[in-house]
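Thanks for coming. I have one structure to go through today, so please look at the screen.

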Amino acid sequence: MPEDERYAIVSIDQKHKAFYDGLKKTSSPLRNLENSQIWLLAFALGFHNKLRAKSVQRAPGGYFRTEYFHDSIPFTLLRAVCVNEHDGDLTKAIDWSTIFSTGEELATGGTQALKELVESHGDFYKKLEDILRDECKRKTVKKK
Amino acid sequence: MIQLQIESITLTNYRQYSKAKLDFTSPERNKFLTVIVGESGFGKTNILNAISWCLYGEELHLTGGKNISPRDENVLPIYNIPTFVKARPMEVFPVSVEIAMNDSSGQKWVIERTKKFQKLREDKAAMFPSGSNSPDGSSVSLTIQKKKGGNYEPQENSAERIGSLVPKALEQYFLFDAEKIRDYFNVHIAAAIKDEVNKLSQVDTLSRAIERLEKKRDDFRRESSPISASTAKLEEDLQKIRDSLALERGELRNSEAQKKACDDTIQMIKTELRGCTEENVASLQKLRDEHDEAIQKLEDELDSNELKKQKALVKYAPIILTMPAIESTSHVIARLTRSGELPPEYRKSFLQRLLQEEKCICGEDLSGKASSKGRRASVQKFLDETDELSEATVDISRFDGDMDRLESEAAAFWEELDGLGSNIKRIETEIENKRIKMADIDGKLKGLNVEKVTRLQDRLQEAEKAKDEWSKKIGAYEGRISHLKDDESDKADDLDNELKKTKRGLELKKKIDFLNDAIEAAEKVRDNITKKVKGEVARLTNENFFSFLSKKTAFEKVEITDEYEVNVVHALGWQARQYLSTGETQMLALAFFAALHKVSGLDMPIFIDAPLARISESPTERIVEAFPKCFENKQVCLLMLDKEFRPVRDKFLPILCREYQILYNEEEEGYGSSVVTEYA
């Protein structure tokens, strides 16, 4: 698989731009995170909450480049989720166009969940930890 | 760079001196020191007054500390009393001070100030001509003459000429009264020193240039208002934000100063508590300090752990939340592998090539003609059943491996998170325990019933509480300033975008941008210069001070703040300037003074009154030894008591060019004259 097929510009919905810009302000709990990290959180929350939505209008200029992922983990997650969202069709794991478009749709859907997490009362990281622990418990119960 | 050498000073009927001439010329370049010795009251300090009176018309070193009005008839007059007594009725006699000097180009100048008096009766003289306390000072003449060829030619605008040769603002840098050292470090003086160093290093010129650029930029900004209603509104909003920012910054500075004051108070009280003679008080206080220090370290550790936890959450949250997709995709790959579909028997591209070439690798014909029809059909069926995945088996295999790794890492994440959580809990518990112990110690200290300790403890708690309050306020101000800066940036962007819409607006924007760049560049240069100058002053002050000190290990360093306040840091980290002995403070003042001189490039002669007063013997010897380095290549004159000079005279010999002694002749009861002779 040629490396350069993984390199793309990922966008967000124009209607969410103000929210994402606001995350960089000094009062935001996510002020020190990179755009790629913030987007991954939105994408993961979108998958977790089964929220998928097409962008009405993509924000011009894009939100980040996939070259800025720190390692290959995000690519692995995006591929696994894309296969899962297409009923286990493994051919989607090599279809980068579909992988990124699916990722963007989940991130668009997950932005509302991220917004609630940031703006609701309480420490953001404590709330995020609670969500992860609940997910882990749910998996454990399911296994039993 | 201002360079000046004084050749001689001649006093005529000035205070104690009916006639005195001091020659400062040096036969050798490396001999730059003149010493004038005299007992208290013989007229040493009046030599400084004579110089300042000649140059500026004011005696700036009177013991009372203020310039006494010449109209005050109740004070000791400026004229020499014996001369006045001997004068006949209505006789006019002058008071004059003449200074002969060379400037940096070797040009010779003579400055003379003369004030005439007329004896009216046995106990009174008045300025002459009479009634001449006139604004134009007609009883006072000030002349400056420049040597041309063999003659001296009078120059016009004497006061301005003198101001350019020897600016009055720099007077305290070359006529230094070491007796007034305590004043030297007060805030007012520090601010004055900062202003002067800025002038000397041309920083104030840059500051003025920056102000002019800012004014021009603001003018252009105001011009943008009439372009459209939108720009006017945006400009107004931007200005409101800037006004709010200025206010908040002012409040922040005030809060920081208040917090620093609380810190100073806390340090002072702790020092006093430590100094308590009650052993148990001192050891309890020490224990309290140890707990306090431990709490600070624990709080740092707590912050570090919380940050690590946040980073782990951000990294692993996407993995944990998408784990169902990872597991299900892994199952798909496992299923296809079990069923033999992965890896596929043949690659699609391989089968396509066979059909294209119409020949199998075994050599059989695959053209589809006659007998090969069936074979071709079989290969075509294989091709139809093979998908794009066949080309990506290596990639899929790697992808599968990556997913396996993520499953393991997710398991390890919980261990890491729980570990960090335990650490955080442990640290919080430790902090709480230490706070309880500190409260217990506070209770014990109070319970000792030592009045002073109780009072100090109360004050310490008040100061710590006040410090916390100021810290909270500082945090709040910093938060508000941060929000306002974000708002300012957003609003400025909006204004820029609005300006870009019209041609005129675009022109103005270009000008404003250009000016902003120029201001930024000038501010950077100014900051660099200020930093360098201050750094050099601090370095030299440190060097000089520690070369003077006997108990070098008691102190760590000398610090100079951005406002030119001088602080001395004890070896254990406390601020100690207020607790220096008088002698140590004098050494610090000398060290700072010498550093300022060197860094400022101010090559003016230096007169120091009582430089070694209050300094004990061994530091005196060290100061004398350090003198040539501190003041190298400068013309220096020291005014000292004989008992201060005699023990160190030999050490000064290598740099000594002239020695004078002031002797006092009491002519009649109540008055006399001072005469200057060679030192014996």
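Predicted model: local features only at pLDDT ≥ 70, side-chain atom pairs only at ≥ 80, totals over all residues.

Let me begin with the interface. On one side, 38 residues of chain A take part in the contact, and on the other, 41 residues of chain B. Together the two chains bury about 3400 Å², and carbon and sulfur atoms give 73% of that area.

Now the polar side of the interface. The rule finds four salt bridges between chain A and chain B. One of these pairs Arg133(A) with Asp418(B), with an N to O distance of 3.0 Å. There are also seven residue pairs in polar contact across the interface. On chain A, the elements giving two or more residues to this side are α2, α3 and α5. The most comes from α5(A), which gives ten residues. By type, the chain A side has 21 nonpolar, nine polar and eight charged residues.

Next, the second largest pocket. Its volume is about 830 Å³. The lining has 25 residues, and those closest to the centre are Lys270(B), Asp292(B), Glu293(B), Gln296(B) and Glu464(B). In chain B, α8, α9, α13 and α14 each supply at least two lining residues. With nine residues, α9(B) gives the most. What is the split by type in this lining? It is 15 charged, six nonpolar and four polar.

Technical notes. Residues numbered from 1 in each chain as written. Chains lettered and ligands numbered in written order. Heavy atoms only, no water. Contact = heavy atoms within 4.5 Å. Buried area = accessible area lost by both parts, 1.4 Å probe. Salt bridge = Lys/Arg side-chain N within 4 Å of Asp/Glu carboxyl O. Polar contact = N/O pair within 3.5 Å; in protein donor to acceptor, adjacent residues only side chain to side chain. Helix = DSSP H or I, 4+ residues; strand = E, 2+ residues; numbered from the N terminus. Nonpolar A, V, L, I, M, F, W, Y, C, P; charged D, E, K, R; others polar. 1 Å grid on protein atoms, 1.4 Å probe; cavity = no way out; pocket = protein on both sides within 12 Å on 5 of 7 lines; lining within 4 Å. Points joined across faces, edges and corners; volume = space filled by probe spheres on them.
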